[in-house]
Each structure stands twice: as C-alpha cells, then as structure tokens.
Amino acid sequence: MAGLFDGKVALVTGGGSGIGRATALFYARDGAKVVVGDIVQTGADETAARIQAAGGQATSLIGDVASPEYCQALVDHAVKTFGRLDFAFNNAGISGDQKPTADYSLESWNKVISINLSSVFYGMRAQIPAMLKTGGGSIVNMSSILGQVAFASSAGYVAAKHGVVGLTKTAALEYSAQGIRVNVVGPGFIKTPLISALEQNQDTYNMLVSLHPIGRLGEAEEVAELVVWLCSPKASFVSGAYIPVDGGYLTR
Ligand code: NAD
C-alpha cells in the first residue's frame with residue numbers, strides 16, 4: 001500500500017526516546033525515510049533498528065543539538081544518504097533546574113536555552129536551504145504548554161519554550177510563500193523519561209493529572225500523530241500555528 005510520505009525524507013532530533021522516537025516511527029510508518037538524531041547513541045540506534053525491522057529505511061547520527069555544526073551535519077547526512085530533506089522535527093530537549101528564578105543556576109539557564117531554544121534556530125538555519133532546493137517542505141518545532149503559560153521553578157524551560165513559538169512564527173512568515181510550512185506543537189505533560197522523576201511522587205503525579213481536564217497525562221504517540229499530520233498535505237493551509245496537544249491544560 002502506498003504511504004502518504006513515500007519518497008519523502010524526515011529528520012528528527014531527540015529521536016532516540018519519547019516523543020521523538022514515536023514520531024520517527026510514524027514518519028516511517030507513513031513511508032518516509034528517516035534520519036534519527038540524538039545525543040545518546042543507543043537510543044538513536046534502537047529507533048533506527050525498529051524502523052528497519054518494520055521494513056523502512058533509517059539512519060542515525062549522534063551529536064549535540066546545542067552545536068550549530070551538528071545541526072548542519074544532520075541535514076547534510078539526510079541529503080547525502082537519502083538525496084533530499086522534506087520534513088524536520090526539531091524536538092530534542094531537557095528539563096533543567098527545578099528552582100525559583102532567583103535560585104536558578106546560570107549553568108542550567110545556559111544549558112536549557114542552548115538545547116531547547118538555540119538548537120531550533122540552528123536546525124531551521126540548516127534545514128530551510130535544503131528544503132528550498134527541492135521546492136519546499138515542512139518544519140515542526142517542539143514547544144510545550146509552557147510555551148504559552150508559566151510553570152513555577154522552571155525559568156529556563158518556560159523562556160526557551162516561549163522563544164520557540166516566536167522563532168516558528170518568524171520562519172513561517174518568511175518562508176511559507178516559498179513552500180515551507182513551519183508550525184509548533186505544545187504538548188501537555190506526556191509520559192516519557194523526561195518527566196519520570198515527577199512521576200515517582202504520587203502526590204506530584206496526581207497534581208499533574210489534575211491540571212489536565214481530560215483526567216490523565218498524554219502518550220508520546222498522541223503528540224507524534226499531530227506532528228506527522230502537520231507535515232502531511234492534509235495540513236496544507238496550516239503555517240505559523242501553535243497547536244496544543246494537552247488534554248485541555250490550556251483551557252484555564
Ligand atoms: P525524552 O527525554 O524521552 O526525549 C528527549 C530526547 O532528546 C532524548 O532521547 C535525549 O537523549 C535527547 N536529547 C537531549 N539533549 C540532547 C542534545 N543536547 N542533543 C541531542 N539530543 C538530545 O523526552 P520527551 O518528553 O520525548 O521530550 C521531547 C521534547 O518534548 C522535549 O523538547 C521536551 O521539552 C518536549 N516536551 C515534553 C513534554 C513531556 O511532558 N514529556 C511536554 C512538553 C514538551
């Protein structure tokens with residue numbers, strides 16, 4: 001059966017775990033060839049192996065998205081290996097310090113801003129020229145509900161995720177007419193290793209659940225479906241949009 005993404009090539013950062021892995025698997029499920037980026041070799045290799053085991057094509061490239069050179073290398077790797085780049089999901093991220101602003105360490109601030117925000121700029125800077133060469137593409141950036149509202153003790157994370165929304169809108173304004181749609185997703189709390197520490201404490205877990213009117217936390221696959229939809233022709237008039245996938249978190 002022909003897939004929606006046959007002949008297309010996708011790149012995912014942070015593709016070795018959680019939401020990035022689920023999205024890499026769905027890109028491949030729908031026919032795309034996938035470049036899996038991650039800083040952790042075992043995670044990226046496992047995602048690529050799962051795609052190959054299911055009959056798809058994938059390759060991994062290890063590196064740190066806080067490095068502009070690595071973000072460029074991911075694009076070069078996609079073009080060299082598969083001939084083009086159609087989709088990019090700038091997803092890699094970390095949580096950082098859990099401390100009030102005055103106690104938030106400079107080290108954590110710089111790290112979170114580099115990995116969660118600057119990486120998206122580095123990524124798009126490399127991805128856009130490659131996509132323009134083949135007539136366009138689709139970029140999805142990873143924000144959060146915390147790209148719209150605050151969360152105490154998370155200054156770096158909240159600032160970075162708000163910044164990703166602004167970067168996305170700017171690129172959409174600049175490149176939509178040239179065939180590149182750029183959008184940003186805003187998940188609520190999703191059950192991945194990123195929040196496993198918060199899940200350990202039952203009271204904290206219950207508090208997090210209570211913030212989602214739907215009455216539970218989300219699954220990585222529920223975010224991945226939105227990302228692949230945004231890349232598909234079904235979303236052909238969607239650009240510059242922040243789309244929550246949050247079980248109703250942002251209703252209040
Ligand atoms: P995860 O920890 O399961 O996956 C993150 C992946 O990014 C890991 O494989 C990790 O190795 C990789 N990574 C971390 N730093 C990197 C770096 N410097 N360079 C390259 N790769 C790096 O977490 P997840 O929940 O799947 O998170 C993915 C994205 O979703 C993050 O940007 C996160 O902020 C965002 N997000 C997560 C939630 C949630 O509740 N889980 C909610 C909203 C947004």
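At what angle do helix H3 and helix H4 pack, and how far apart are their axes?

## Helices H3 and H4

Helix H3 (residues 68-82) packs against helix H4 (residues 106-133) at an angle of about 30 degrees, and their axes are 8 Å apart. Axes here are lines fitted to C-alpha atoms, for helices over the stretch in contact, and angles run from 0 to 180 degrees between N-to-C directions. H3 and H4 are therefore roughly parallel to each other; angles under 35 degrees count as roughly parallel, over 145 as roughly antiparallel, 65 to 115 as roughly perpendicular and the rest as oblique. The crossing of H3 past H4 is right-handed, a term for a near helix turned clockwise from the far one by less than a right angle.

On the H3 side the contact (heavy atoms within 4.5 Å) is made by Pro68, Cys71, Gln72, Val75 and Val79. On the H4 side it is made by Ser119, Tyr122, Gly123, Ala126, Gln127 and Ala130. Sorted by class, the contact of H3 with H4 holds seven nonpolar residues, four polar ones and no charged ones. Ala, Val, Leu, Ile, Met, Phe, Trp, Tyr, Cys and Pro count as nonpolar, Asp, Glu, Lys and Arg as charged, and the others, Gly among them, as polar.

## Basis of the model

The model is predicted, with local features needing pLDDT of at least 70 and side-chain atom pairs counted only at pLDDT 80 or more, while totals for chains, interfaces and linings use all residues. Residues are numbered from 1 along each chain as its sequence is written, and side-chain values use heavy atoms, with hydrogens and water left out. Helices (H or I, at least four residues) and strands (E, at least two) are DSSP runs, numbered from the N terminus.

## Helices H1 and H8

H1 and helix H8 (residues 220-231) pack at about 50 degrees, with axes 8 Å apart. That angle makes H1 oblique to H8. H1 passes H8 in a right-handed crossing.

H1 contributes Gly18, Ile19, Ala22, Thr23, Phe26, Tyr27 and Arg29 to this contact. Among the H8 residues in the contact are Ala220, Val223, Val227 and Cys231. The contact of H1 with H8 divides into 10 nonpolar, two polar and three charged residues.

## Nonpolar cores

The largest nonpolar core has 34 residues, of which Leu85, Met124, Ile139 and Val182 touch the most other members. A nonpolar core is a set of buried Ala, Val, Leu, Ile, Met, Phe, Trp, Tyr and Cys residues joined through side-chain atoms within 4.5 Å. Two or more residues come from each of strand E1 (9-12), H3, H4, H5 and strand E6 (180-187). H4 gives the most, with 10 residues.

Leaving aside neighbours within four places in sequence, Met124 is in contact with Asn90, Pro129, Ile139, Asn141, Leu167, Ala171 and Val182. A second, separate core of 33 residues includes Phe5, Ala28, Val36 and Val245.

## Individual residues

Ala44 lies in helix H2 (residues 41-53) and is buried, with a relative accessible area of 0%. Buried means under 20% relative accessible area, exposed over 50%, and partly exposed in between (1.4 Å probe, protein chains only). Not counting residues up to four places away in sequence, Ala44 touches Gly16, Val36, Asp38, Ser60 and Ile62.

Asp30 sits in the loop between helix H1 (18-29) and strand E2 (33-38) and is buried at 17%. Ser153, in the loop between strand E5 (137-142) and helix H5 (155-175), counts as partly exposed at 27% relative accessibility. Phi of Ser153 is near 65 degrees, a positive value in a residue other than glycine.
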